[in-house]
Structures are given as structure tokens and as C-alpha cells.
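Here is a short tour of one protein model, written to be read alongside its sequence and coordinates. Please keep both open as you go.

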Amino acid sequence: RNQQVALQPRKCLRKMSNQPGIEEAAGASPGGSQAQAPDAPQALPVRRPRDAKDKYVFWETQPVPQFSGLEPAQAEDGPIDKPKTVADVRQEPYALPAPYQWCTCDFSQDSVVQEVFDLLSNNYVEDDDCMFRFAYPANFLRWALSPPGFTTDWLVGVRASTNSKLVGFISAIPVDMLVNGKEIKMVEINFLCVHKKLRSKRLAPVLIKEITRRVNLRNIWQAAFTAGAMLPRPIATCRYWHRSLSPKKLIDIGFSRLAPRMTMARTIKLYKLPDAPITPGIRPFEPRDGPQVMELLNSYLQRYRITQKFSLEDVLHWFTPRENVVDAYVVEDGSGKVTDFSSYYNLPSTVLGHPEHSELKAAYMFYTVPGATPLKQLMQDIMTLAHAKGYDVFNALDLLENQQFLKDLKFGIGDGELNYYLFNYRVARPLVPSEVGLILM
């Protein structure tokens, strides 16, 4: 019988939930499907929130599925806008209100990366009680925004004309997506951020339209993004789960609380992990593993209704270990064959107003492919390795096959949901979490 989870997670930094950008845009003024098995899980339809009137003025001008007028059951997957060509795309940047101007953020310059870091650190996602804030390190930003095929033109900033201070940012990176078996070139949109003091300036909608324009100029017409906020209209909604690695610290900073009738000593004992992994042949990913991991990943991910297709260059970029950025591990059998793969990335949060602790070191589960090793055993080993590297908590979404191990490995359900959205692409039937094989930063 599973032991009672002694920590009750209270906090989850929901991506873009309490963030100037997505919320601002929500209320701003405008400026071939795959056959499913008969017993496929059915997602509940997403209804228009009762308070949605006038909340989504901007999004109702965009090519996204709307809460009103839900598509009929026979609607097919496909683009929402009528087909366009690059010649149809506006050539000039959208006008910004005075006194602001566009800039391109060249990440080859350390000073520019530092500016983006400072903007995000002070103005990006916070939890609702303002106790934690994502703190994207500069080396993480370089990794996340410079994958194979990236273009600097898609790292879009807004500066104040008076002092050149960076006050807004949005990014896009290329991704080869599989949606119900159809391969589509898309971009992932991320890091939409506007300085807190400028929320009333309506910069976020212009940032969204400008990044759309720049992406369209490269003949790409669809995008994927995630947000904690409810917007028109998610294709899937996943839930964050948290597994304590340093329970005392998590309780001290208010991330978690003791369960009723549990003492600190019993809680620490309950969450103790093995001193070392138990799976023979588990080791850090190396570049020589790239071809095998690419084949393993792509073969495994094909079972999901939405996922990414990885090239060898993608695999080497996203999974070659980088200190305090990303860690990846393979299981190698006696013949040199890679049978299993798992990874996580580092996304620390600043702890606001605490006298002792200033950082929450969080590992976020990235892509995992179980093979010869049972998934539960593989994930326990990965958490053991993360704990040895000083992580305080291990976070995972309930997508992929994760629901098979979350409760057994003493994850606690968080208060944060992550909504998945597609821009200019309709998915006729919404997805349940177990049909989602896509992990965005």
C-alpha cells in the first residue's frame, strides 16, 4: 500500500499565470487528422468562462479556436487562417506607442543576455502570493533560445527611447511538430514579458503581432505555446506534480506544508531516496549516444497526438549535459545498446522575502523514454541523481506516461495547471494529458 504523502504542495509557478504579457494581451484592444481507436480517451470540451465577456478582445481577433461557436464534431484538423504567402505579409514592423522602439536581442552579446535575464527576473512569472519568482539563468536562456535553426530576428525586444532600457521581450524558436501524425513546421513562442510598470501600455498585443509577422516572413504559419492563464482555447490542460527532495527547506520557505499528524523527522524519512541509482548501466548522456537516442525518442513519441520530431542536431543541443542547465542520462546494456533515456532541466526560482533561503532549485522533468527499465525505477534513479546535485524539488506534468509513477513515487499534486495552445491550427478533438507528448520550457 502506498504511504501517505506527508508534504502537501502549496505553490506552483504556473507558466505565464501571474505575468504581465499574456494577461495583458487577453483584454487588450486589437491593433489531416489521425484515426483514433474506438476506446481512445475522450477529453471534455472546453467551455467559455462565465466572466469571459470582453476579456479576450485581442485573442478574438487572432486565428485561434474560440470559446464561442465550438467546432462541430466532424471538423477536421488544419489551419484556421486562409492560406497566405510571404508576399502577403506586412513588411514594416508594427508601430509602438511613444516613447518605445523595437530592438533585436543578439544573444552573442553577454550584455544583452544580462538585460533579458534582468527583465525576466524582475517581471516574469510569480506565484499568486508573490513568494516565488522564476529566475532564468543567463546560460539557461542561451540554451533555450539558441537551438538548431534559430534566428536572432525572433528574439524581439522593446526598449525605452529615452534611456534604451529593455522593457519588453518575446521569443520564437523553430520546432518540427507532429500533430495527430501530421508533420508541421512551427515555432514555439515563449518568454513574453512586459515590465510591470508598463502593463497599461498595451505592449503585449503588439509584441505578439510583431513576432507573428517575423515568423510569417520565414514562411512559417503555426505556433505552439503554453500558459497558466485560460485563453481561447487550449487543446490540452496538464497538471503539475511535485516531489520533495529537500522537505525541510520546502516547508521552511512555504512551498509545502506538513500533512496532518506528520512530524518533520517522519517526513524527512518518508522522502529519503537511495544513496545511488539501482539500474545497471545508467550514466550521463554523451554526444556519441545521439543517433541511438534520436531513434529511441522519435519512435517512442510517435504514439502521442502532439509531440516534437527530433533531428540529431536537436538531440545534441537539448540533451548534452550543461551544468545547472540540463542533465540527461541513458541506460546502456552490455552490448552498448541504449535501452532507456531520461532528462530534466534546471529552472530555479527566487525565494522572495525569506531571511535564510534565496533560491529554490527545481528540476523539471524533460523527455523520458522507458525501455528495458521499468518507468518507476528509472524515475526513482533520475530523482536520486538530481538530489545528489543539490535539487530541492522534482517537478513533472501528468503527460506522457507520467501518471503511472506520480503517486507511487510520492509526488504531490500541485495547484498549477499548464494549458497547451496552438496558433493558427485547429485540433478537432481536444487532448487528455496522456495524449500529450510535447514539453515546452
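pLDDT is the predictor's confidence in each residue, on a scale from 0 to 100, and a contact means heavy atoms within 4.5 Å. Across the protein chain the mean pLDDT is 87, and 85% of residues reach 70 or more.

This is a predicted model, in which local features need pLDDT of at least 70 and side-chain atom pairs count only at pLDDT 80 or more, while totals for chains, interfaces and linings use all residues. Residues are numbered from 1 along each chain as its sequence is written, and side-chain values use heavy atoms, with hydrogens and water left out.

**A covered strand**

Helices (H or I, at least four residues) and strands (E, at least two) are DSSP runs numbered from the N terminus. Buried means under 20% relative accessible area, exposed over 50%, and partly exposed in between, using a 1.4 Å probe and protein chains only. In strand S4 (residues 155-160), six of six residues are buried. In a regular strand the side chains alternate between the two faces of the sheet. Here Leu 155, Gly 157 and Arg 159 are buried on one side, and Val 156, Val 158 and Ala 160 on the other.

Strands count as paired if DSSP finds at least two bridges between them. S4 runs antiparallel to strand S2 (residues 100-104), joined by five bridges, and Gly 157 is the partner of Cys 103. Five bridges also pair S4 with strand S5 (residues 166-179), again antiparallel, and there Val 156 faces Ile 170. S4 and S5 make a hairpin with five residues between them, and Ser 164 in its turn has a positive phi of about 65 degrees.

**Helix H9**

Helix H9 (residues 375-388) has 14 residues and spans 20 Å between its first and last C-alpha, close to the 20 Å expected at 1.5 Å a residue; the expected span is 1.5 Å times one less than the number of residues. Its buried residues include Leu 375, Leu 378, Ile 382 and Leu 385. The buried residues of H9 pack against several strands, among them S8 (236-244), S12 (326-332) and S17 (393-397). Just after the helix, Gly 390 takes a positive phi of about 90 degrees.

**A buried asparagine**

Asn 424 sits in the loop between strands S18 (412-423) and S19 (436-437). Is this residue buried or exposed? Asn 424 is buried, at 6% relative accessible area. Its side chain reaches the backbone oxygen of Trp 221 at 3.0 Å, and the residues that Asn 424 touches include Pro 63, Ile 80 and Asp 81.

**Salt bridges**

A salt bridge is a side-chain nitrogen of Lys or Arg within 4 Å of a carboxyl oxygen of Asp or Glu.

| Pair | N to O distance |
|---|---|
| Asp 81 and Lys 84 | 3.8 Å |
| Asp 176 and Lys 185 | 3.1 Å |
| Glu 183 and Lys 309 | 3.4 Å |

Glu 183 lies in strand S6 (residues 182-194) and Lys 309 in the loop between strand S11 (306-308) and helix H8 (312-319), so this pair ties together parts 126 residues apart in sequence. Glu 183 is partly exposed at 44% relative accessibility, and Lys 309 is partly exposed at 36%. Lys 185 counts as exposed, at 56%. Elsewhere, Arg 283, Glu 286, Arg 288, Asp 289 and Glu 332 are linked in a salt-bridge network.

Note on methods:
Polar contact = N/O pair within 3.5 Å; in protein donor to acceptor, adjacent residues only side chain to side chain. Lists of a residue's contacts leave out its neighbours within four places in sequence.
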